[in-house]
Amino acid sequence: MVNLKTYLKTLSQDIFSKLTLDEELSLFVHSEESQFIRFSQAKVRQNTTVHQHEVVVTYQKDQRKIKFTLNLCLDQSIDTASILKELQICRAQLPLTDIYPQYVAMENHGVSESIKKVERPDDLAMLKTITESFSGTDMAGLYCSGPVRQVSINSKGQFHYFENDFFFLDYSIYNGPKAAKGFFSCEKWNEKDLRENIGRTRDKLNLLDQPTVNVPKGKYRVYLEPMALFEIVGMMSWGSLSYSALRQGRSPFQKLQQNEVSLSPQLNLIENLGLGYVPAFNSIGEVADKELELIKNGKLMNLLTSTATAKEYGVSSTNAEPREGLRSPEIKPGTLAQADILKKLDTGLYLSNLHYINWSDVQSARMTGMTRYACFWVEKGQIKGPIQDLRFDDSMFNLLGSHLIDLTTHQELFVESATYQKRYLGAYKLPGALIENFNFTL
């Protein structure tokens, strides 16, 4: 394998030497060496490796810009020729494009290197642990491992290199038509933690053998496991914490920003790049603070603001990604001990997963979605049986506001598991949440 960092330095210098003084060029590289192992009935059904190296090239001049994407083959003569060929096309097309209203001139945002690796057994040893732990079950899932790299380079001298060698196991265990879902990733490998994670999922599957409880629509006290809260927090990337969305009138948190409503004083949300699962630099190489306070004691403190947005509205940038979405959010823990969850829930719904979530009314931060997988009816602190799937419709201002009772003392880590065309970087660190008067409509 070619040393990617050294290769890109040489390649970029060669490309930049062909520019004129009034031209700007940046390279944003995604590189991965991934192992994908798919399971069905607790057996390995597919074992695949993917090595790919993609570069997004941005060409700028005269307040105009054009982007193009290529796959690198790591042969310098071929890659240089491919990029220069596309660059010539951009030069010809640029005068025909409009001036970009949010044009940001390229700057040298410095040089950095960050390499993170989760120490773990090799993939064969990991497979042995996984297949032994799921012995006798109908498990389907995906194990993924290997380094993912992002590199941001520009013609002004900037060179940021990030590498994260991580893994995750995303799985479900089936009992006929019923299933319990689990997810495992970690910052420090411990086989005991993996086996306990699988054991908890198997325990939930066994509970699905109890008779199904018919729960009518209405408002109930609910416990959301961290994986269920993950789905709700993910909705905040759909404009909730974006400064441009706020100014354009499409932010679900507009009333929060205007102090018309507040969230629970127990809620503390930060963008925590210090978790190390995303680079501190964004796709144009701007370096953000390792931690950005977004919500403190229920109050909105900051919004994710890109440099283009900051220029458009005359405000300060937080060096967010252009899309202004969460990359590495963390909700701080509360006071609810793991052993006390069912007792504090008393009577209501224990929800392991949610899905099909969308905004039902953006202006009031109202969401709709469904329960999924192993969800249970609880009476007086005892699980009585699984439920049929229910649809909810409620405002985030309620769920994470006046209706939030407590958050758990423990947090779980969910690394980004999307693999559409490539692996993605990111992580969520979240507690569970105890909520009252959660509204179910169907």
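Q: How are helix 3 and helix 4 oriented to each other, roughly parallel or roughly perpendicular?
A: In this predicted model, helix 3 (residues 123–133) and helix 4 (residues 191–207) pack at an angle of about 30°, with their axes 10 Å apart. Angles under 35 degrees count as roughly parallel, and helix 3 and helix 4 are therefore roughly parallel to each other.

Q: And which hand does the crossing of helix 3 with helix 4 have, left or right?
A: The crossing in which helix 3 passes helix 4 is right-handed.

Q: Which residues make that contact?
A: On the helix 3 side the contact is made by M126, T129, I130, E132 and S133, and on the helix 4 side by E191, L194, R195, I198 and R202. Sorted by class, the residues of this contact between helix 3 and helix 4 are four nonpolar, two polar and four charged.

Q: OK, what about helix 1 and helix 2, at what angle do they cross?
A: The axes of helix 1 (residues 4–16) and helix 2 (residues 76–93) cross at roughly 40° and come within 10 Å. That angle makes helix 1 oblique to helix 2, and helix 1 passes helix 2 in a right-handed crossing.

Q: Which residues are involved there?
A: Helix 1 contributes Y7, T10, L11, D14 and I15, while helix 2 contributes Q76, D79, T80, I83 and L84. By class, five residues in the contact of helix 1 with helix 2 are nonpolar, three are polar and two are charged.

Q: What does the side chain of E24 reach?
A: The E24 side chain reaches the backbone nitrogen of M106 at 3.2 Å. Not counting residues up to four places away in sequence, E24 touches T58, Y59, Q60, Y103, A105, M106, S155 and K156.

Q: Where does L304 sit?
A: L304 is in the loop between strand 11 (299–300) and helix 8 (307–313), and with a relative accessible area of 3% this residue is buried.

Q: Which residues does L304 touch?
A: With residues up to four places away in sequence set aside, L304 touches L241, S242, Y243, E271, L292, L294, T318, A320, E324, G325 and L326. As for E271, the C-alpha atoms of L304 and E271 are separated by 9.2 Å, and the two residues are 33 residues apart along the chain.

Q: How many residues of helix 5 are buried?
A: Seven of the nine residues of helix 5 (residues 226–234) are buried, and the helix is mostly covered. The buried ones are P226, M227, A228, L229, I232, V233 and G234.

Q: What about the phi of A365?
A: A365 also is not a glycine, and its phi is positive, at about 55°. A365 lies in the loop between strand 13 (348–361) and strand 14 (366–379), and at 0% relative accessibility A365 counts as buried.

Q: Which strand holds C375?
A: C375 is in strand 14, and at 2% relative accessibility C375 counts as buried.

Q: What is C375 in contact with?
A: Apart from its neighbours within four places in sequence, C375 is in contact with Y350, L351, S352, N353, G385, P386 and I387. The C-alpha atoms of C375 and Q388, which are 13 residues apart along the chain, are separated by 8.3 Å.

Q: Last one: where is I99, and which residues does I99 touch?
A: I99 is placed in the loop between helix 2 and strand 4 (111–117), and at 47% relative accessibility I99 counts as partly exposed. Not counting residues up to four places away in sequence, I99 touches D62, Q63 and R64. The C-alpha atoms of I99 and M370, which are 271 residues apart along the chain, are separated by 45 Å.

Terms used
Residues are numbered from 1 along each chain as its sequence is written. This is a predicted model: local features need pLDDT of at least 70, side-chain atom pairs count only at pLDDT 80 or more; totals for chains, interfaces and linings use all residues. Side-chain values use heavy atoms; hydrogens and water are left out. Axes are lines fitted to C-alpha atoms, for helices over the stretch in contact, and angles run from 0 to 180 degrees between N-to-C directions. Helices (H or I, at least four residues) and strands (E, at least two) are DSSP runs, numbered from the N terminus. Angles under 35 degrees count as roughly parallel, over 145 as roughly antiparallel, 65 to 115 as roughly perpendicular and the rest as oblique. A crossing is left-handed if the near helix is turned anticlockwise from the far one by less than a right angle, and right-handed if clockwise. Contact means heavy atoms within 4.5 Å. Ala, Val, Leu, Ile, Met, Phe, Trp, Tyr, Cys and Pro count as nonpolar, Asp, Glu, Lys and Arg as charged, and the others, Gly among them, as polar. A polar contact is a pair of N or O atoms within 3.5 Å; within protein, one must be able to donate a hydrogen and the other to accept it, and residues adjacent in sequence count only if both atoms are side-chain atoms. Buried means under 20% relative accessible area, exposed over 50%, partly exposed in between (1.4 Å probe, protein chains only).
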